Amino acid sequence: MHLARFPRIRLAHLPTPLEPMERLSAALGGPDIWIKRDDCTGLATGGNKTRKLEFLMAEARDRGADIVVTQGATQSNHARQTAASAARLGLDCHILLEDRTGFRTADYNENGNVLLDRLHGATIERRPGGLDMNAELQVVAARLAAEGRRPYAIPGGGSNPTGALGYVDAAQELMAQADAMGLVIDHLVHATGSAGTQAGLVVGLKGVNAKVPLLGIGVRAPRDKQEETVFRLACATAEKLGLPGLVAREDVVANTDYVGGGYGVPTPGMVEAVEMFARLEGVLLDPVYSGKGAAGLIDLVRKGFFARGETVVFLHTGGAAGLFGYVGAFDAPQEKAA
């Protein structure tokens, strides 16, 4: 797969590290767990969306855009990275934020990623939950065009065939790192939501014949819907690369047992996972994606889903800035008096 054929703007610090998590592995007593640090992509505290934005922002530039518009939940990691990439390129950025949780705290609505959106110069509109947000996005883009702007609309999560190219590239990068280390990967696990990361990984892994099972831990949709969304996008991405028919339906596997009360709603498993990664490995997860993805990983290890001695790579999709919107979800230890 010759990705250099597609326009790209270098925004990320690549390759991201691939590291063992020895203390977490010992604590769980199961497989050897490694972490692919896509929280270290560098742009605006990092995260997986930066890989997608390298291709999306290049397309925006080539189409002569003067403003990018996108959408996401209130504490959207994608919105934050889009705002930062627009700032880097001298473009305006306008964001639609959807209230998917109903949380009313100031921390959730103004801190964390929302604060960073504003610091990067983005303008924000709010929407209630339950709307077709990509349809709302098109309405706003049309409004901006009628005002004389040249908008480029990026779907939620940057999840279209252009954005998914970022994770086709990431799959190739991961396998090259593993080969250089002599590391045999038995499973790759990550949080899956808007589908672009998983779709790109499916195509990238199949394209290099990696034979590494990929498991997406869902953070929003039921399993059938999540898998079908990923499969459709993976097929479209493969076609963009000139490889129709590359992906089979059985290549797409999601486990949605760890969503809990809904997208962005904290769960005890997420809190435990965030605390374990922080206290055992010095790694900060986020409460919406990587925290629930890691909760799934931890529970599956405890249930014996992965064999002792296998190597499991957890792809960290970033988003630790979102923790500052979820202060109430974590019981801070009592400070000792001086």
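Start by selecting V189, F277, L285, L297 and F314: of the 36 residues in the largest nonpolar core, these touch the most other members. A nonpolar core here is a set of buried Ala, Val, Leu, Ile, Met, Phe, Trp, Tyr and Cys residues joined through side-chain atoms within 4.5 Å, and buried means under 20% relative accessible area with a 1.4 Å probe, protein chains only. This is a predicted model, where local features need pLDDT of at least 70, side-chain atom pairs count only at pLDDT 80 or more, and totals for chains, interfaces and linings use all residues. Residues are numbered from 1 along each chain as its sequence is written, and side-chain values use heavy atoms, leaving out hydrogens and water.

Now zoom in on F314. Leaving aside residues up to four places away in sequence, F314 touches W34, I35, K36, V189, H190, F277, L285, S290, G293, A294 and L297, a touch being heavy atoms within 4.5 Å. Apart from this core lies another, of 35 residues, W34, F55, L205 and V247 among them.

Next, show residues 196-207 (helix α8) and 223-240 (helix α9), whose axes come within 8 Å and cross at roughly 50°. Helices are DSSP runs of H or I, at least four residues, and strands are E runs of at least two, numbered from the N terminus. Axes are lines fitted to C-alpha atoms, for helices over the stretch in contact, with angles from 0 to 180 degrees between N-to-C directions.

Last stop: A195, in the loop between β7 and α8. Its phi is near 95°, positive in a residue other than glycine, and at 2% relative accessibility A195 counts as buried.

Notes:
Buried means under 20% relative accessible area, exposed over 50%, partly exposed in between (1.4 Å probe, protein chains only).
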